[in-house]
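The following exercises are to be worked with the sequence and the three-dimensional model at hand. Each task is followed by a solution in steps.

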Amino acid sequence: MGNLVGSWRFKEPSTVEECDSTWGSDSESDEPTAEDDSGVSDSVSPAESERAAGHSGDAALQLTDSPESAPKMKRSFYAARDLYKYRHSYPNFRKSRQPNEYRNLRFYMNKIPLVPDGIYIEEILSKWRGDYDKLEHNHTYIQWLFPLREQGLNFYAHELTQEEIKEFQSTREAKRRFLAAYSMMLDFYGIKLLDKSGNVARAPNWQERFQHLNESHHNYLRITRILKSLGELGYEAFKAPLVRLFLEESLCNGTLPNMQHSVLEYFVYTVRLPATRRRLLRFARRHYRPAHAFLWGPPPKKGVGGSVGAGSSGIRAPAPTPEHHRRVEESTASASSRINVSSHDAIMCQDLVGGGIKGFPDRGSYEAGLQGQLMLVSGRRERSEYS
């Protein structure tokens, strides 16, 4: 029994729909009217409205795109599964047999350098801020600055453990440096951190940096990692403001058009609270063009096989009562001489008549067949009372 329990594994989802619980408890009728705990609101600020007005012409042009002319797109199962595992704390994660050395925490305590560069965190924070060429072209520091419970491209970097996460979150010096590293990367992307709640806005040099970010697609992978790391180390509330800014810039302002897909397919789904994801996606759906190509809304509701249809109230019709049965029988008996036959059934009867004259020497067999067809038609008529 012990071996069976020890070998048990969580059954992983096999479709995008199984990976995405965003709309599982949602009702489209209860549109949010106030901010949730993430600080994300569906309301549009005056500044955003003014910026969006400058792009109304482009939006109007995009609205004319026809569904036939748009390429068929699908959501990525691999992205959905990866972010499902992250949001559910890696359900099949196996604890390493290696002793927990807390290397990520020790790096943030300035006790060990990152490998292989041999640079300490204090040097990075004091000398690399504003050095955009170094931040762009060095590819070994990001796994150390933003550790995860999964392996990255730098195999010298160590994965986080649950014990290390708890220790990190209770160490003030490590948390201070972590926020400084986050602020440094935001500045690299043309964004500034406004407060300790995680609110963000454009930095003074946003135009230059956004232009670079729009063409630097490998930074989208970095941003996904940064968002994941924020959640692991106790800053889950910092994600939604940053994702909301990227949605505004990519969908409303047109400053980061190449980022649209990454924001919707990856960044939004690093947010663990389904309610917060819904609010972000509702905002995105209002501004996405062409509107018919938006893939991240609630799944279509089924209208066949007992499921609730798109326009249904969700209330089943009452079961037929004995009185209803009696009325049906009476109406069937009185209308036996005037059965309404569909065109399809009429053709079947004509074929039987022709077959009975020429191909059925036994008239009784023909009459039995005809009677059977008329009973079938009558049965269809009776069933139509409930459909």
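**Exercise 1. Helices α11 and α13**

Is the crossing of α11 and α13 left-handed or right-handed? Determine also how the two helices are oriented and which residues join them.

Solution. The model is a predicted one.

Step 1. Locate the elements: helix α11 covers residues 172-188, and helix α13 covers residues 218-232.

Step 2. Take the geometry of the pair. The axes lie 12 Å apart, and the packing angle is about 155°. Angles over 145 degrees count as roughly antiparallel, and α11 and α13 are therefore roughly antiparallel to each other.

Step 3. Assign the hand: α11 and α13 cross in the left-handed sense.

Step 4. List the residues that make the contact. Helix α11 contributes Phe 178, Tyr 182, Met 185 and Phe 188, while α13 contributes Asn 219, Arg 222, Ile 226, Ser 229 and Leu 230.

Step 5. Sort these residues by class. The contact of α11 with α13 comprises six nonpolar residues, two polar residues and one charged residue.

**Exercise 2. Helices α13 and α14**

At what angle do the axes of α13 and α14 cross, and which residues meet?

Solution. 

Step 1. The axes of α13 and α14 cross at roughly 155° and come within 10 Å. This angle makes α13 roughly antiparallel to α14.

Step 2. The class count for the contact of α13 with α14 is six nonpolar, one polar and one charged.

**Exercise 3. Helices α14 and α15**

Describe the packing of helix α14 (residues 239-252) on helix α15 (residues 260-267).

Solution. 

Step 1. The two axes come within 9 Å and cross at roughly 150°. With the limit for roughly antiparallel set at over 145 degrees, α14 and α15 are therefore assigned to that class.

Step 2. The crossing of α14 past α15 is left-handed.

Step 3. From α14, Val 243, Phe 246, Leu 247, Ser 250 and Leu 251 meet Gln 260, Val 263, Leu 264 and Phe 267 of α15.

Step 4. By class, the contact of α14 with α15 holds seven nonpolar residues, two polar residues and no charged residue.

**Exercise 4. The surroundings of Tyr 266**

Where does Tyr 266 lie, and which residues does it contact beyond its neighbours within four places in sequence?

Solution. 

Step 1. Tyr 266 belongs to helix α15.

Step 2. Its relative accessibility is 29%. Buried requires under 20% and exposed over 50%, so Tyr 266 counts as partly exposed.

Step 3. With neighbours within four places in sequence set aside, Tyr 266 is in contact with Ala 79, Leu 83, Thr 224 and His 261.

Step 4. Compare sequence with space for Leu 227: this residue is 39 residues from Tyr 266 in sequence, and their C-alpha atoms are 9.8 Å apart.

**Exercise 5. Backbone features in loops**

Solution. 

Step 1. Recall the background: most peptide bonds are trans, and most residues other than glycine have a negative phi.

Step 2. Val 115 and Pro 116 are joined by a cis peptide bond with omega of about 15°. Pro 116 is placed in the loop between α6 (103-108) and α7 (121-128).

Step 3. From Arg 289 to Pro 290 the peptide bond is also cis, with omega near -5°. Pro 290 is found in the loop between α16 (274-287) and α17 (322-334).

Step 4. Tyr 90 sits in the loop between α5 (77-87) and α6, and its relative accessibility of 10% makes it buried.

Step 5. Asn 110 occupies the loop between α6 and α7 and is partly exposed, at a relative accessible area of 27%.

Notes
Residues are numbered from 1 along each chain as its sequence is written. This is a predicted model: local features need pLDDT of at least 70, side-chain atom pairs count only at pLDDT 80 or more; totals for chains, interfaces and linings use all residues. Side-chain values use heavy atoms; hydrogens and water are left out. Axes are lines fitted to C-alpha atoms, for helices over the stretch in contact, and angles run from 0 to 180 degrees between N-to-C directions. Angles under 35 degrees count as roughly parallel, over 145 as roughly antiparallel, 65 to 115 as roughly perpendicular and the rest as oblique. A crossing is left-handed if the near helix is turned anticlockwise from the far one by less than a right angle, and right-handed if clockwise. Contact means heavy atoms within 4.5 Å. Ala, Val, Leu, Ile, Met, Phe, Trp, Tyr, Cys and Pro count as nonpolar, Asp, Glu, Lys and Arg as charged, and the others, Gly among them, as polar. Buried means under 20% relative accessible area, exposed over 50%, partly exposed in between (1.4 Å probe, protein chains only).
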